[in-house]
Amino acid sequence: MQSMSFPFRLSMQVAIVSTLLVAVVGTALAYVLARRRFPGRELLDTFVTLPLVFPPVVTGYYLVGLVGRRGVLGRALHAAFGIEVSVMFTWYAAVLAAFTISLPLMVKTARAAIESVDTEMIDASALLGRTEAETALRVVLPLAGKGIMAGVMLAFARALGEFGATVMLAGNIPGRTNTMPLEIYNAVLYGDWRRATVMVLFFTVVSVALLLAAGRLGRVLA
Amino acid sequence: MRGVEVELRKRLPGFELDVGWAVGDGVAVLFGHSGVGKSLTLSLIAGLTRPDAGHVRIAGETLFDAQARVDVPTHRRGLGYVSQSLALFPHMSLRQNVAYGLRRLSAEERQSRVGEVAEALHVAELLDRRPHEVSGGQRQRVAIARALAPRPRALLLDEPFSALDLPLRREMRGVVREAHERFGIPVLLVTHDPYEAFEMADTMVVYGADGVVQYGRPDDLYDDPGTPAIRRLLHSADHPIAAPTPAIRIRRSPPLQREGVRA
């Protein structure tokens with residue numbers, strides 16, 4: 001039986017970095033969607049939510065079109081600076097895949113939490129002389145804190161298990177981009193069912209624990 | 001000019017408010033049945049809702065003027081506001097609640113200001129607790145202390161006592177009266193309770209069910225109500241179980257007439 005320590009460490013690294021980004025970006029997006037009225041608001045919500053309903057391979061395909069060597073971003077960089085850069089087939093690519101796939105879970109959960117904050121609290125803060133930014137940091141986010149934490153946990157669980165977009169974007173390179181979900185696939189492919197079962201059990205335990213914890217924290221997207 | 005002077009128009013779905021009145025620096029009571037726009041008036045004065053037209057002036061300062069395109073944002077209006085729910089921040093201690101509006105002061109000044117209002121409202125010994133750890137009456141006092149701490153231009157009270165039982169309401173009226181005398185700012189109190197209205201008012205602004213608003217000294221209004229609806233409202237205090245609070249629709253076909261009796 002091959003060592004599982006590299007895929008485990010890589011998966012953790014990818015999921016943690018992705019979740020940190022999701023926590024910041026997702027909370028900001030959720031706040032804007034919940035509290036601001038602007039044209040295109042529901043369109044932005046739809047766009048952020050798409051990866052939740054897309055097959056992850058499709059999301060991965062679009063990401064390749066964006067950041068691949070021949071992608072929109074890659075060609076723009078080449079045209080502007082004459083450089084060829086690509087995050088493809090690196091662990092950064094795995095982070096990007098996990099980020100994109102898990103962002104909607106965070107945004108949905110955090111938006112619901114922020115929308116449930118009593119507007120009288122928000123008015124009270126303004127009446128006491130506080131700006132919107134101060135009110136957001138000192139009243140809205142603390143009162144929505146449990147829901148936001150629930151979103152972070154769901155996003156982490158989803159990032160840890162990301163497969164489809166990851167395999168499109170980062171590939172399945174042993175010792176470089178083979179996260180645990182990919183390694184489960186590899187193990188089954190080579191008929192190493194024991195190895196696959198150990199990793200599957202790990203995911204089962206982690207996912208159940210995170211879902212229970214998130215459920216206790218508050219309203220969670222069904 | 002001192003006191004509070006407003007001219008406000010606001011159209012909402014199924015409801016239209018069109019009022020104008022001026023009161024002095026005393027306690028002014030906005031009195032009427034539920035649903036006639038008293039709370040909406042406070043919300044327009046505070047800038048929580050934007051009027052369609054009109055102006056708001058407090059102590060000579062223009063906070064809103066549709067024609068002159070003045071619209072001071074809520075957080076710079078400098079008004080103390082206490083709503084029925086009180087809106088104390090549950091994740092903060094009462095001390096943090098009271099100090100919340102004092103960001104611009106030094107730590108030392110902040111502490112002395114918190115001490116001053118807490119002592120005036122008799123809540124100094126409660127400050128380390130959280131809102132859910134004290135009684136309803138104590139929460140009221142803290143909410144008023146929090147509103148007064150930043151030395152607001154005026155204190156706006158939107159039926160803050162209606163959830164309390166009678167003895168406590170009587171006590172809170174005394175508290176408001178005391179706070180008014182001590183801090184010397186105009187108070188606008190919204191109520192649908194005739195006893196409360198007559199007990200508290202230096203000036204009364206009566207929102208009649210017929211859409212007519214009349215303002216002046218309570219005695220003058222009582223003796224000389226402008227319309228039958230206002231007479232019924234003011235005289236409902238004579239009959240202990242009167243003062244119903246049905247949902248009232250305002251029909252406002254003729255242009256608004258105002259009976260202005262200045263205090």
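The model is predicted: local features need pLDDT of at least 70, side-chain atom pairs count only at pLDDT 80 or more, and totals for chains, interfaces and linings use all residues. Residues are numbered from 1 along each chain as its sequence is written, with chains lettered from A and ligands numbered from 1 in the order in which they are written.

**Helix H3 of chain B**
- H3(B) covers residues 107–120; helices are DSSP runs (H or I, at least four residues), numbered from the N terminus.
- Its buried residues are B:Val114, B:Val117 and B:Ala118 (buried: 20 or more other C-beta atoms within 10 Å of the residue's own; exposed: 12 or fewer; partly exposed: in between; C-beta atoms are placed from the backbone).
- These residues lie on the same side of H3(B), because they cover an arc of only 100° around the axis, taken from the directions from the helix axis to the C-beta atoms.
- The face turned away from the buried side carries the exposed residues B:Glu108, B:Glu109, B:Ser112 and B:Glu119.
- Just after H3(B), B:His122 has a positive phi of about 60°.

**Chain contact**
- In chain B, 15 residues are in contact with 13 residues of chain A (contact: C-beta atoms, placed from the backbone, within 7 Å).

**Nonpolar core**
- The largest nonpolar core has 132 residues, and B:Val29, B:Val205 and B:Val206 have the most contacts inside it (core: buried Ala, Val, Leu, Ile, Met, Phe, Trp, Tyr and Cys residues joined through C-beta atoms within 7 Å).
- Helix H5 (residues 91–115) of chain A gives the most to this core, with 15 residues.

How values were computed
Helix = DSSP H or I, 4+ residues; strand = E, 2+ residues; numbered from the N terminus. Expected span 1.5 Å × (residues − 1). Contact = placed C-beta atoms within 7 Å.
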